[in-house]
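Here is a friendly walk through one chain and its fold. Keep the viewer open as you read.

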Amino acid sequence: MKFERAALARARIRRPRNKDEIKRATEFLQTPHAPEILEAHPEERGAMRFMEIDDKIVAAILFNPREFPVRDASVPCARVFETDAEDGRHYFRRTGDRELFDLMIEELLGYLWVRGYPLCYAHGELALYVPQGFTPCFYHPRISLDVKTALSLPANYRVRRLKSDDIKKIPTLRAGNGRFKPQVFGTGVPPFHHFCVETPERELKGYLSLEVNAESTWKPKVFVPEVEATSRNAVYTILNHCAKKAQEVGLDEIHFPLAPGHPFALACLELGGHSRIKGASVNPMHDEEMVHVVLATPLLEALQPGMQTRLERSDFAHEDRTIAIRTDRGAWTVRAQMSAVRITEEKETPEDAIRLPDWMFTQLLMGYRSAHEVPVKMTREDRDLLNVLFPKAWPYSMPDPDLWDDSEPPIPYTKAGAKAAADTSLPWVLNGRAV
């Protein structure tokens, strides 16, 4: 059913006041993670919000405070949790009405602004999140290798399930190579099976998470969202293991969400594999990983040390230059003076300010675009300096498995919902092509 405006006028959005209300909202969200998140962040009493109409919960939202990597900085971020309940997102799929979703996101963003969060991260349909200021700004990397080639490799090590004693060793295996693997992972997939790779002497040399589902609509059916190896024998063992799983479900290729600079990916390329990097989807019905810059000034301040390091190594190290930037939400000046960077928020827009749409500014900050890929008017000198301060950083994420290839939306829409999504105008798409 479609919510009548009279009913929405009676709606109340609030946080749970006691354990019983937390339980009600958790059951509505149908996520086992709610108590875990709330207990881990007792200072965030507003981490869960729900909407009631006549004492019935009709929408709810839960966010998880976390540190988020942006370039060479770690920034406080609120991650919106997706649900399978009657929240605004799934209500939109059934009816094409996004008003319920908009009300919840506006409530959340207002709360985050008061609490001082620079960023909000979400995974969901572009049609819903873009009108609320969220911007996709992640590339999707992929390495593929022929199954026959992988099966021919020696498997000198043992692959076994992860044990509790292994958990403390995994961060060491994961360390490094951050530029060449996803910063964030697509949500909404079943729990992964986690495995370790060990030598005959029981020394850990690798780690992978693996999900195999022969009946799945995923592409591919053998899904390896994370993989690390510290030796060539470990790489070969993992490839051989994954190839056997792929062969069992009739696949002739195995795939890994890694960029070509990752050591594991380089090994695949040496064996005749292929690399592919895709930009963010522009299909409004597709899920994407997106960020919303809630507070730009603290985000810029967090990025300032990295800007200064790059400035010191550039041709602008001994110059004194100022760039003014104006977006839909504010204006800032960035002064590069004798290898030092100073950022100032301006109350009035400087006359020579470079005017950027909000979505373009977000992609510039995150490193999805370089200054040379920003299609706005500015002098060559300003563009070159801006490129030193905000170079392309190739932020990676991993979409849902069913979006590895171009495909239909993962959950069918009603005709009304599909039309509402198709009619959504994405600000960075002109005449059907991404800007």
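The report below moves from the model itself to strands, helices, salt bridges and single residues.

## About the model

This is a predicted model, in which local features need pLDDT of at least 70 and side-chain atom pairs count only at pLDDT 80 or more, while totals for chains, interfaces and linings use all residues. Residues are numbered from 1 along each chain as its sequence is written, and side-chain values use heavy atoms, with hydrogens and water left out.

Helices (H or I, at least four residues) and strands (E, at least two) are DSSP runs, numbered from the N terminus. Buried stands for under 20% relative accessible area, exposed for over 50%, and partly exposed for what lies in between, with a 1.4 Å probe and protein chains only.

## Strands around β10

Strands of a sheet pair through backbone hydrogen bonds, in either a parallel or an antiparallel way. Here two strands are taken as paired if DSSP finds at least two bridges between them. Strand β10 (residues 193–198) pairs with β8 (residues 158–161) in the antiparallel sense, over 4 bridges. Strand β10 is also joined to β11 (residues 204–212), again antiparallel, by 6 bridges.

## An open sheet and the helix across it

Next comes an open sheet of 4 strands, in the order β18-β17-β16-β19, with mixed pairing. The edges are held by β18 (340–346) and β19 (354–355), each with a single partner strand, so one side of each has no neighbour in the sheet. Strands β16 (residues 320–327) and β17 (residues 330–337) pair in the antiparallel sense over 8 bridges, and Arg321 stands opposite Ala336 in β17.

Helix α13 (residues 380–389) lies across β16, β17, β18 and β19, running at about 85° to β16. That angle is taken between N-to-C directions on a scale from 0 to 180 degrees, using axes fitted to C-alpha atoms, for helices over the stretch in contact; contact means heavy atoms within 4.5 Å.

A salt bridge (a side-chain nitrogen of Lys or Arg within 4 Å of a carboxyl oxygen of Asp or Glu) connects Asp382 with Arg321, their closest N and O atoms being 3.0 Å apart. Asp382 lies in helix α13 and Arg321 in strand β16, so the pair ties together parts that are 61 residues apart in sequence. Asp382 is buried, at 15% relative accessible area, whereas Arg321 is partly exposed, at 23%.

## A buried helix

How many residues of helix α12 (residues 358–366) are buried? The count is 9 of the 9, so the helix is largely enclosed by the rest of the structure. Among the buried residues are Trp359, Met360, Phe361 and Leu364. Just after α12, Gly367 takes a positive phi of about 90°.

## Salt bridges elsewhere

By the same cut-off, the count comes to 24 salt bridges. Arg93 forms one with Asp287, with 3.8 Å between the closest N and O atoms. This pair links distant parts of the chain, with Arg93 in helix α4 (residues 88–95) and Asp287 in strand β15 (residues 287–293), 194 residues apart. Both Arg93 and Asp287 are buried.

Arg174 forms a salt bridge with Glu226, the closest N and O atoms being 2.8 Å apart. Arg174 belongs to helix α8 (residues 170–174) and Glu226 to strand β12 (residues 222–229), 52 residues apart. Arg174 is partly exposed at 34% relative accessible area, while Glu226 is buried at 16%. Arg12, Arg14, Arg17, Glu21, Arg24 and Glu52 are linked in a network of salt bridges.

## Two residues to look up

Glu125 sits in strand β5 (residues 119–125) and is buried, with a relative accessible area of 0%. A polar contact of 2.7 Å joins the side chains of Glu125 and Arg93; the term covers a pair of N or O atoms within 3.5 Å where, within protein, one must be able to donate a hydrogen and the other to accept it, and residues adjacent in sequence count only if both atoms are side-chain atoms. Not counting residues up to four places away in sequence, Glu125 touches several residues, including Arg89, Asp287 and Tyr413.

Gly261 is in the loop between β13 (253–256) and α10 (263–270) and counts as partly exposed at 28% relative accessibility. Leaving aside neighbours within four places in sequence, Gly261 is in contact with Phe180 and Leu266.
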